[in-house]
Amino acid sequence: MIRCSKCGKLYDYDKYNGICPACARYNRADSAQMEQELHERYDSIPNAHAAEEHRKEVHRRNQGSGRSRRGMAAAVCIIIAAAVILLGVVPFLRTVIQSQGFTGPDFHLNAGALGDGGIFGEEKQENEPHVEYAWMNYAGRTLGEINWGDLAVTLNERDEESLAAVTDKGDGAYYLISINIQNDSPEDLYLSEVVPEDVEFQVEGEVIPCQAAFYSYYGQIDPGTNGYLDCLVYFPDALTAQYEENGSMQFSGTLSVEGELLPDFEVEYWFD
């Protein structure tokens, strides 16, 4: 005898050749044995027959992740829309503010930023070279006293010729002013074209000329990089004495490179 796996009827397998006389389903002779073995194997496992529940749970999770993805997509759209609005509003506000006579926030920080008053308030010109900062070191009372190695200056033949035209005055001291120049222009900047007459400094209205000018490396500053120009100056004792009691001296400087005047910059020197 065999039990039909579809309708559950018991019938003689050999008599009906395996075909259930009630529902006409064919049943293998060993199917009952196989079914029993499967029951024995899995019936002891909790929820072994919960495939439908598992499918429903997976479906619920997929629906939840779908809502999360839709929520994330909506947030991204909101951020993009806000960015587009800001890109349109900010230039408009800047135009309105500037039309009312206010200067924008892009001010050029002139040299002397390490000291007080390093900002002159001049508006920075975009894509142009400018002085980032400058500092001054004591050199010596005479040219013969100057230790160029201590000042990190390597003299070449051109520098030697420039110094040959300098004469000691005997009533003051030499100082070396180092100027850091940032080249924001798209063109190379050639410090090798700078002569002493292109640089001067002013202290309380008194002009302090550059005695000799030395440039770093090959005198060329590539776009987007910076370079140094060193200027030897001479300060009379009578002038520096006015500031020694205060401990520092602050003054402005001007520089022309290749015939173009850069924005004024500031230098501050602290007495030992």
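Analyst: Start with the burial. Of the 272 residues of the protein chain, 31% count as buried. The chain holds four helices and 12 strands. Among its contacts between residues at least 6 apart in sequence, 62% join residues at least 24 apart.

This is a predicted model, so confidence comes next. The average pLDDT of the protein chain is 77, and 68% of the residues score at least 70. Residues 101–123 fall below 50, although this stretch has 53 contacts in the model beyond near neighbours in sequence. Where pLDDT is low, predicted coordinates should not be read in detail.

Now the aromatic rings. With ring centres required to lie within 6.5 Å, the count comes to 11 aromatic pairs. One of them joins tyrosine 174 and tyrosine 234, at 4.9 Å centre to centre. Their planes stand 65° apart. An angle over 60 degrees counts as edge-to-face, so this pair gets that name. Where do the two tyrosines lie? Tyrosine 174 is in strand β4 (residues 172–182), and tyrosine 234 is in strand β9 (residues 226–236). The pair therefore ties together parts that are 60 residues apart in sequence. Tyrosine 174 and tyrosine 234 are both buried.

Another pair is formed by tyrosine 269 and phenylalanine 271. Here the centres are 5.1 Å apart, with 85° between the planes. That is again over 60 degrees, so this pair counts as edge-to-face too. Tyrosine 269 is buried, and phenylalanine 271 is buried as well. These two rings also belong to one aromatic cluster. The cluster is made up of Tyr138, Tyr175, Phe201, Phe235, Phe251, Phe265, Tyr269 and Phe271.

Go back to tyrosine 234. Lysine 169 lies over the face of this ring, at 5.1 Å from the ring centre.

Which residues of α3 are buried? They are Asp159, Ser162 and Leu163. These three cover an arc of only 95° around the axis, which puts them on the same side of α3. The face of α3 turned away from the buried side carries exposed residues: Glu157, Glu161 and Ala164.

The N-terminal end of α3 has a cap, asparagine 156. One of its side-chain oxygens lies 3.0 Å from the backbone nitrogen of arginine 158. Alanine 152 has a positive phi of about 60°, although it is not a glycine. Is alanine 152 buried or exposed? Its relative accessible area is 68%, and the cut-off for exposed is over 50%, so alanine 152 is exposed.

Glutamate 258 also has a positive phi without being a glycine, at about 55°. Its place is the loop between β10 (248–257) and β11 (260–261). With a relative accessible area of 42%, glutamate 258 is partly exposed.

Now return to strand β4, which also holds glutamine 182. Its relative accessible area is 15%, and buried means under 20%, so glutamine 182 is buried. The side chain of glutamine 182 makes a polar contact, at 3.3 Å, with the side chain of aspartate 184. Leaving aside neighbours within four places in sequence, glutamine 182 is in contact with several residues, among them Glu128, Pro129, His130 and Asn226.

Glutamate 187 is exposed, with a relative accessible area of 56%. Not counting residues up to four places away in sequence, it touches Ile221 and Pro223. How far is glutamate 187 from asparagine 127? Along the chain they are 60 residues apart, and their C-alpha atoms are separated by 9.6 Å.

How values were computed
Residues are numbered from 1 along each chain as its sequence is written. This is a predicted model: local features need pLDDT of at least 70, side-chain atom pairs count only at pLDDT 80 or more; totals for chains, interfaces and linings use all residues. Side-chain values use heavy atoms; hydrogens and water are left out. Rings of Phe, Tyr and Trp (its six-membered ring) pair if their centres lie within 6.5 Å; planes under 30 degrees apart count as stacked, over 60 as edge-to-face and the rest as tilted. Buried means under 20% relative accessible area, exposed over 50%, partly exposed in between (1.4 Å probe, protein chains only). A charge sits over a ring if NZ of Lys or CZ of Arg is within 6 Å of the ring centre and within 35 degrees of the ring normal. The arc is that of the directions from the helix axis to the C-beta atoms. A polar contact is a pair of N or O atoms within 3.5 Å; within protein, one must be able to donate a hydrogen and the other to accept it, and residues adjacent in sequence count only if both atoms are side-chain atoms. pLDDT is the predictor's confidence in each residue, from 0 to 100. Contact means heavy atoms within 4.5 Å.
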